[in-house]
Amino acid sequence: MKTTDPQIFRLNIPHGCRRLPIHCPICGQIAAINDARVFAPCQHLVCSYIEADGSWGYLSPDFVARMREVDLRVHTPDNVAMLRDLGYDDNLLAIEVSYTGMPGPRRYLDLYAFRPPIEFQPL
Ligand SMILES: [Zn+2]
């Protein structure tokens, strides 16, 4: 059975730990470093959202065009639903990094989404 939702890999990092460097799962190029800023996005990076900053770290031209099409102006907490609403299906690989734990209940959720240049073919 073919899925239609974007594929999301979830990491849970204890609050207060150093941010992990995020690499593109397709080409391996580093997509974000410790402060979560994207300096040189590879061709696969679609978007990044940094909840601690309350801002998009990176938006590809394709992502911006899709946002305009569905009139999405802000990030929504449900990343799967948001990416699906933007027309991305299972041909999108996303990494969701949450920062949880002590101190306090605050949880930050960062999102990095990547798209391969061609569609994956089921085996
Ligand atoms: Zn890449």
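A nonpolar core is taken here as a set of buried Ala, Val, Leu, Ile, Met, Phe, Trp, Tyr and Cys residues joined through C-beta atoms within 7 Å, where a residue is buried if 20 or more other C-beta atoms lie within 10 Å of its own, exposed if 12 or fewer, and partly exposed in between, with C-beta atoms placed from the backbone. The model is predicted, and local features need pLDDT of at least 70, side-chain atom pairs count only at pLDDT 80 or more, and totals for chains, interfaces and linings use all residues. Residues are numbered from 1 along each chain as its sequence is written.

**Confidence and layout**

The protein has a mean pLDDT of 83, with 83% of its residues reaching 70 or more; pLDDT is the predictor's confidence in each residue, from 0 to 100. There are 2 helices and 7 strands, which are DSSP runs numbered from the N terminus (helices H or I, at least four residues; strands E, at least two). Along the sequence they follow the pattern β-β-β-β-β-α-α-β-β.

An open sheet of 5 strands has the order β1-β6-β7-β4-β5 with mixed pairing, two strands being paired if DSSP finds at least two bridges between them. Strands β1 (7-14) and β5 (55-59) stand at the edges, and because each has a single partner strand, one side of each is left without a neighbour in the sheet. From one strand to the next, the twist averages 15 degrees, an angle between N-to-C directions on a scale from 0 to 180 degrees, with axes fitted to C-alpha atoms. Strands β4 (residues 45-50) and β7 (residues 108-114) run antiparallel and are joined by 5 bridges, and Cys47 stands opposite Ala113 in β7.

**The core**

The largest nonpolar core has 24 residues, and those with the most contacts inside it are Val46, Leu83, Leu92, Ala94, Tyr112, Ala113 and Phe114. Two or more residues each come from β3, β4, α2 (79-85), β6 (93-100) and β7, and the largest share, 5 residues, is given by β4. Leaving aside residues up to four places away in sequence, Phe114 touches Cys24, Pro25, Ile26, His44, Leu45, Val46 and Leu93, a contact requiring C-beta atoms, placed from the backbone, within 7 Å.

Ala32 lies in strand β3 (residues 30-32) and counts as buried because it has 25 C-beta neighbours inside 10 Å. The C-alpha atoms of Ala32 and Tyr58, 26 residues apart along the chain, are separated by 9.9 Å. Of the 123 residues of the protein, 27% count as buried.

Notes. Two residues are in contact if their C-beta atoms, placed from the backbone, lie within 7 Å.
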